[in-house]
Protein chains: 4
Amino acid sequence: MNSATTQDSKVESMTYSVAVSGASGYAGGEILRILAAHPDVEIRTVTAHSNAGQPLILHQPHLRSLAHLTLQDTTPEILAGHDIVFLALPHGQSGQYTDALGDAALVIDAGADHRLESADAWAQFYGGDFHEPWAYGVPELPVAGGKQRDQLVGATRIAAPGCNASTVSLSLAPGVAAGVVDPSDIVTVLAVGPSGAGKSLKTNLLASEILGSANPYAVGGTHRHIPEIAQALAAAVAPTESGADTTPAIAISFTPVLVPMARGILATSTAPIAPGVSDAEIRAAWESAYAGESFVQLLPEGQFPRTADVIGANTALLGLAIDRAANRVVVVAAVDNLVKGTAGAAVQSMNIALGLPEGTGLTVNGVAP
Amino acid sequence: MNSATTQDSKVESMTYSVAVSGASGYAGGEILRILAAHPDVEIRTVTAHSNAGQPLILHQPHLRSLAHLTLQDTTPEILAGHDIVFLALPHGQSGQYTDALGDAALVIDAGADHRLESADAWAQFYGGDFHEPWAYGVPELPVAGGKQRDQLVGATRIAAPGCNASTVSLSLAPGVAAGVVDPSDIVTVLAVGPSGAGKSLKTNLLASEILGSANPYAVGGTHRHIPEIAQALAAAVAPTESGADTTPAIAISFTPVLVPMARGILATSTAPIAPGVSDAEIRAAWESAYAGESFVQLLPEGQFPRTADVIGANTALLGLAIDRAANRVVVVAAVDNLVKGTAGAAVQSMNIALGLPEGTGLTVNGVAP
Amino acid sequence: MNSATTQDSKVESMTYSVAVSGASGYAGGEILRILAAHPDVEIRTVTAHSNAGQPLILHQPHLRSLAHLTLQDTTPEILAGHDIVFLALPHGQSGQYTDALGDAALVIDAGADHRLESADAWAQFYGGDFHEPWAYGVPELPVAGGKQRDQLVGATRIAAPGCNASTVSLSLAPGVAAGVVDPSDIVTVLAVGPSGAGKSLKTNLLASEILGSANPYAVGGTHRHIPEIAQALAAAVAPTESGADTTPAIAISFTPVLVPMARGILATSTAPIAPGVSDAEIRAAWESAYAGESFVQLLPEGQFPRTADVIGANTALLGLAIDRAANRVVVVAAVDNLVKGTAGAAVQSMNIALGLPEGTGLTVNGVAP
Amino acid sequence: MNSATTQDSKVESMTYSVAVSGASGYAGGEILRILAAHPDVEIRTVTAHSNAGQPLILHQPHLRSLAHLTLQDTTPEILAGHDIVFLALPHGQSGQYTDALGDAALVIDAGADHRLESADAWAQFYGGDFHEPWAYGVPELPVAGGKQRDQLVGATRIAAPGCNASTVSLSLAPGVAAGVVDPSDIVTVLAVGPSGAGKSLKTNLLASEILGSANPYAVGGTHRHIPEIAQALAAAVAPTESGADTTPAIAISFTPVLVPMARGILATSTAPIAPGVSDAEIRAAWESAYAGESFVQLLPEGQFPRTADVIGANTALLGLAIDRAANRVVVVAAVDNLVKGTAGAAVQSMNIALGLPEGTGLTVNGVAP
């Protein structure tokens with residue numbers, strides 16, 4: 001038997017059996033790409049609803065090492081019986097599998113179903129059945145009293161983040177946590193690649209529509225990642241001793257723009273500078289938040305990242321500017337939406353949950369040019 | 001003789017002789033592309049410093065109808081003696097030709113030398129000799145008491161706008177003029193194509209660096225178009241009868257991001273909603289400002305433009321959203337940086353100055369996909 | 001009444017009424033873009049099957065000057081009653097409208113239904129009902145005794161060419177006609193943009209699949225444009241006086257490769273050098289074939305075209321190399337698949353058929369960069 | 001001391017010290033990216049002529065794990081004293097370092113200086129000093145009596161291949177070796193990304209020139225990879241027992257086309273079918289040549305590769321079609337020019353030379369989409 005349970009995960013000879021649903025899509029494919037190089041897992045089962053019965057390699061022709069796998073149907077029965085199950089399904093679908101996977105050591109949902117703590121926010125931005133929140137898979141995120149990583153240790157149910165949401169949250173949480181920026185008037189605009197929208201047959205995702213063009217969508221406050229960011233930023237603020245609600249007012253103007261690159265998010269996020277703070281205090285907030293982190297790095301002053309720097313990597317690169325004339329801190333963050341934004345975050349969280357070295361199977365180096 | 005002076009410009013049989021400097025670059029090439037289809041001009045002279053003596057077609061292989069032209073050196077003597085002179089030179093160079101062109105009916109500078117009214121702003125953002133401001137070539141821009149067009153009628157010296165600057169100014173001026181947004185906390189992020197940076201041999205403009213990547217630059221308040229926007233927005237506000245200085249405080253957080261498309265600007269500009277104004281009042285500000293304009297169009301509610309919609313066209317398309325949760329108006333504008341952002345604006349301004357129909361030689365229709 | 005019949009087409013005040021079917025697609029959109037700037041036509045009717053009832057501008061947001069048009073259903077009744085009808089429909093559909101359009105002065109089919117003269121070739125490469133061949137819309141193509149243009153004068157039924165087919169035929173026909181190359185072992189490989197495949201919802205046309213990738217298709221002799229090329233090259237050879245069949249053996253290895261550009265075809269076509277011909281004779285074949293042509297131009301020796309040089313233009317640019325080591329002539333041709341490859345060819349042919357100046361509404365200058 | 005010599009390379013605890021010259025360029029960067037994940041080497045020295053003294057990370061911002069390295073000058077003294085030296089320099093420069101590196105266990109030249117066996121071919125296509133040929137770094141290439149791999153075992157001087165050359169050679173060598181195709185009339189056309197041209201400041205490599213365009217270069221038999229292909233194909237043919245010269249006549253029409261993707265080569269290579277061979281015999285030639293190879297894979301009948309399938313991977317994917325109408329075999333090959341085309345080939349060859357497992361540090365899986 002090559003499976004293992006979490007308690008013996010540090011025994012090196014153990015290998016975890018894994019099932020990946022949504023394996024014919026972009027997020028599922030990236031989970032598979034990363035797991036294929038992970039020394040501690042065996043990809044045993046891949047599932048996809050409409051393509052069941054076909055070879056995986058027809059849908060993921062870049063995954064040569066997995067050419068032996070055949071897509072099965074996505075059913076609770078087929079997903080059951082694995083140590084780890086990854087769900088890479090459209091939101092609203094993951095929930096129906098959860099109950100049937102009770103014996104899995106670890107379930108990681110790359111969809112949105114288990115991200116939000118607020119049923120109201122779910123109803124407003126998604127609709128349909130609300131599901132309980134799971135441990136949120138952004139380990140480096142500052143939360144009151146520590147890091148989000150703490151909540152992932154030993155977790156058995158993990159919600160991988162929204163790619164845009166985690167990018168913006170990582171960009172601003174240090175400043176919000178330190179009180180050096182005002183979260184009540186955040187403005188963020190993101191240049192994003194179309195792979196974030198999945199392998200969906202929509203006219204606006206056709207190559208002829210995207211090539212040579214920049215295309216805004218979800219303008220004006222309707223994007224589903226907005227409440228996810230607000231939740232993460234609120235969690236960054238420590239409650240006062242008195243127990244009074246100290247959650248700051250948080251408002252986010254959020255505009256994503258599709259640009260002609262397959263992968264990548266370049267988020268430009270700004271927030272007003274809090275009164276009276278110095279440049280040094282501002283910069284220190286980010287430096288201290290990410291000191292020692294491998295996968296979230298603040299660039300030296302005056303340097304800003306490009307998405308090319310992080311393609312294929314589990315790295316979020318941040319550049320910080322302080323614009324006194326505009327009275328705003330500007331954080332530019334580059335993330336590969338499919339890696340640090342989704343699949344890499346999922347595997348990193350898996351590693352933490354299982355007690356494996358956090359970077360196992362992941363790389364900080366991008367593929368460029 | 002096929003030349004004409006401004007006073008007889010409405011005589012149909014007249015043809016204006018034109019010289020274009022910087023003819024081997026991107027802005028110069030676009031001026032030539034448009035003028036080649038303009039019925040009232042004859043392109044007589046094209047100049048370029050380092051490529052003088054070579055056929056124009058070697059540097060602009062798409063301009064087949066101008067294959068007979070040879071690049072000459074850019075000197076005052078060679079530019080002199082034309083009815084109209086276009087200067088498409090790096091900033092700091094145009095000024096030296098101005099004096100020598102005193103007899104030209106019309107000089108249009110596509111560079112920055114004659115855009116700013118403030119010597120201080122010039123010193124801060126550009127440096128070098130300050131030159132007097134010329135009539136600013138954005139006809140549709142609301143200014144106190146009318147439109148910028150009024151200042152172009154009969155003008156003999158015109159400053160074509162900065163491409164990013166005019167895009168943002170057109171986006172927000174209606175709201176600032178109407179008092180429905182607060183210009184003191186503007187945030188704008190622009191996805192821009194590399195042609196805006198010119199045909200410069202810089203590593204960061206190489207295809208391998210741009211393809212598949214989003215690249216921020218001039219982050220944190222250093223971009224040279226910032227004072228140009230501030231100037232335009234200030235001009236949109238009517239002085240009070242008392243003569244008191246009513247210029248509002250204007251602050252702009254401005255971040256451009258190079259994305260992998262040769263041309264185009266997609267500017268996402270936001271400003272706080274002024275207290276107490278209704279959605280209808282907000283929308284009416286933009287609708288009334290651009291009612292009847294061919295080349296600046298506000299899309300219906302809920303629609304937003306793509307840069308693909310305006311490539312090759314002299315059109316600025318705007319989409320407007322009102323985000324009450326974030327308390328911000330969001331305007332997304334799409335412009336072809338080389339046309340409405342530069343060469344089209346220059347020719348449109350030329351038409352106005354000479355009394356020709358404003359749209360002569362220009363098109364509202366883009367080339368898509 | 002603003003319509004006109006062909007016999008009075010040279011009366012300047014006449015305007016032809018036009019209907020365009022398939023108006024929501026890429027070919028239909030490009031026909032509309034060109035006709036919108038054509039002084040002698042009025043676009044009266046636009047049709048599209050599945051989108052009938054919607055504003056055209058929703059599907060062609062770049063065609064601002066046509067914002068007043070509404071898509072109607074594609075029926076014979078709606079298309080009837082116009083002077084000119086353009087059919088931009090999938091192959092197999094055009095035929096059903098032909099009979100009902102008997103009173104139209106001119107019908108131009110941008111589809112394949114009326115291109116092939118051989119029912120066998122139609123059956124092998126397309127299948128379904130065979131339709132009679134119409135006048136083939138590539139005016140500059142050398143045919144025995146003249147140019148294809150001759151057959152378009154006064155034509156009332158015109159088949160616009162396949163974009164890849166006309167590009168390759170124009171590349172090689174001069175050499176085949178002059179006997180300086182051997183058409184029995186042609187090899188052509190084409191880099192093509194996805195707009196040639198239409199606005200079809202297929203996974204392999206999604207932006208995420210095309211961006212950053214080169215994708216071959218129809219490899220090994222299955223592409224439908226192969227018999228169209230063979231037909232055009234056969235037509236270039238003059239029959240002998242004896243009346244014997246002198247049609248040369250023609251064989252074409254044809255491989256198209258989708259690359260990440262919205263428009264454009266760059267065809268590299270090679271054929272063996274005929275025994276005993278000199279370099280000068282080879283070059284003279286192409287030079288004489290296209291001497292005086294505006295829209296098909298042979299570049300000077302040592303120069304080769306890029307697709308960027310012809311985007312938006314009705315121009316085919318050819319570069320010719322003679323590789324004695326490989327014993328092959330190499331012709332590289334750049335064409336905008338939607339203009340000279342489809343819509344421009346259609347309008348150019350329309351102009352010829354109606355007796356209008358051939359270049360009316362068309363441009364030789366591309367939009368670059 | 002953490003270095004090791006070749007004789008003890010199989011002792012797991014040994015680590016080879018490595019120097020990489022040309023470390024600020026694209027090929028050098030890719031060598032570093034791969035070596036950074038290689039368990040048996042330590043990157044000790046990185047050099048670059050003009051950027052000496054600067055942090056590597058400024059020029060390779062995606063190589064986060066190497067942020068501690070500083071570029072040194074490229075001199076024999078600095079390169080000396082390492083177990084392994086990689087030279088990623090422009091051709092003509094590598095030779096001058098060779099003598100000074102006599103004590104290095106292994107020198108691998110990613111440039112062209114040591115690829116060609118023929119001084120005449122060198123003079124014709126490159127010029128300048130001719131250098132002796134080294135073991136050619138394409139392990140899977142069929143050569144008379146075996147594979148090129150055999151010549152790399154224990155090699156101390158290795159010439160990494162030209163990216164286009166190895167792609168075409170791998171495409172056709174099996175058929176030439178088996179005698180099922182005629183190498184005297186090969187035609188190959190390649191869609192290539194600009195990274196193959198290096199980080200050179202040339203106008204034709206600017207993003208504005210490449211985006212949205214396909215650009216041919218070196219048309220007509222002048223490309224430097226032509227003799228390299230001819231040499232590899234000649235080596236695939238077994239000499240007869242009599243010792244007579246059985247080298248077939250080899251002629252190659254070779255046309256590369258720059259397309260807008262940062263990396264990747266899609267080579268479409270065709271050769272006439274030899275008389276009398278069956279389809280099964282043709283296919284068997286390729287199947288048997290690459291049976292058991294991890295990094296060169298023939299796709300099933302009817303399938304063809306995209307460059308997207310191999311980005312970041314050391315994999316060459318081949319698709320084979322037999323076009324009886326054109327009497328040609330068509331092989332479409334996809335390769336990442338920087339990996340299997342250059343740096344991956346170099347590291348794979350290094351592994352073989354040192355007796356390490358051949359795939360160490362390399363992956364068969366691409367990064368897609």
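Predicted model: local features only at pLDDT ≥ 70, side-chain atom pairs only at ≥ 80, totals over all residues.
In residue terms, the contact takes 18 residues from chain D and 18 residues from chain B. If you go looking for salt bridges across the interface of chain D and chain B, the count is zero.

## Where chains B and A meet

Now turn to the other side of the story, chain B with chain A. Here 40 residues of chain B are in contact with 40 residues of chain A. The area buried between chain B and chain A is about 3100 Å², and carbon and sulfur atoms give 64% of it. Ala214(B), Val219(B) and Arg306(B) supply 15% of the area that chain B buries against chain A, more than any other three residues.

How many salt bridges are there between chain B and chain A? The count is four. A salt bridge you can find on screen joins the side chains of Arg306(A) and Glu209(B), at 2.7 Å from N to O.

Chain B superposes on chain A by a rotation of 180 degrees with 0.0 Å of shift along its axis, giving an RMSD of 0.0 Å. That is the relation of a two-fold axis. Since 100% of the interface residues of chain B are also interface residues in chain A, the copies meet through the same surface.

## A covered strand in chain B

Next, a look inside chain B. Strand S4 (residues 84-87) of chain B is covered on both faces. Ile84(B) and Phe86(B) are buried on one side, and Val85(B) and Leu87(B) are buried on the other. In a regular strand the side chains alternate between the two faces of the sheet.

S4(B) has a parallel partner in strand S1 (residues 16-21) of chain B, joined to S4(B) by four bridges. In that pairing, Val20(B) stands opposite Phe86(B). S4(B) also pairs with strand S5 (residues 106-109) of chain B, again in the parallel sense and over four bridges. There, Ile84(B) stands opposite Leu106(B) of S5(B).

## The seven-stranded sheet of chain B

Chain B also holds an open sheet of seven strands, in the order S11-S12-S10-S13-S16-S15-S14, with mixed pairing. Its edge strands are S11 (215-216) and S14 (296-298) of chain B, each of which pairs on one side only. Within the sheet, strand S13 (residues 265-272) and strand S16 (residues 328-335) of chain B run antiparallel and pair over eight bridges. Ala267(B) has Ala333(B) in S16(B) as its bridge partner.

Two helices to look for pack on this sheet. Helix H7 (residues 163-178) of chain B touches S10, S12, S13, S14, S15 and S16 of chain B, and its direction makes about 45 degrees with that of S13(B). Helix H9 (residues 226-235) of chain B touches S10 and S12 of chain B, and its direction makes about 130 degrees with that of S12(B).

## A mostly covered helix in chain A

Finally, visit helix H8 (residues 226-235) of chain A, where seven of the 10 residues are buried. The buried residues are Ile226(A), Pro227(A), Glu228(A), Ile229(A), Gln231(A), Ala232(A) and Leu233(A). Their cover includes helix H5 (119-125), strand S6 (135-136), helix H6 (163-178), strand S10 (186-192) and strand S12 (252-258) of chain A.

Why does Gln231(A) count as buried? Its relative accessibility is 18%, and buried means under 20%. Leaving aside neighbours within four places in sequence, Gln231(A) is in contact with Arg115(A), Leu116(A), Glu117(A) and Ser118(A).

Key. Residues numbered from 1 in each chain as written. Chains lettered and ligands numbered in written order. Heavy atoms only, no water. Buried < 20%, exposed > 50% of the residue type's maximum accessible area, 1.4 Å probe, protein only. Pairing = 2+ DSSP bridges. Contact = heavy atoms within 4.5 Å. Axes fitted to C-alpha atoms, helices over the stretch in contact; angles between N-to-C directions. Least-squares fit on C-alpha atoms with pLDDT ≥ 70 in both. Buried area = accessible area lost by both parts, 1.4 Å probe.
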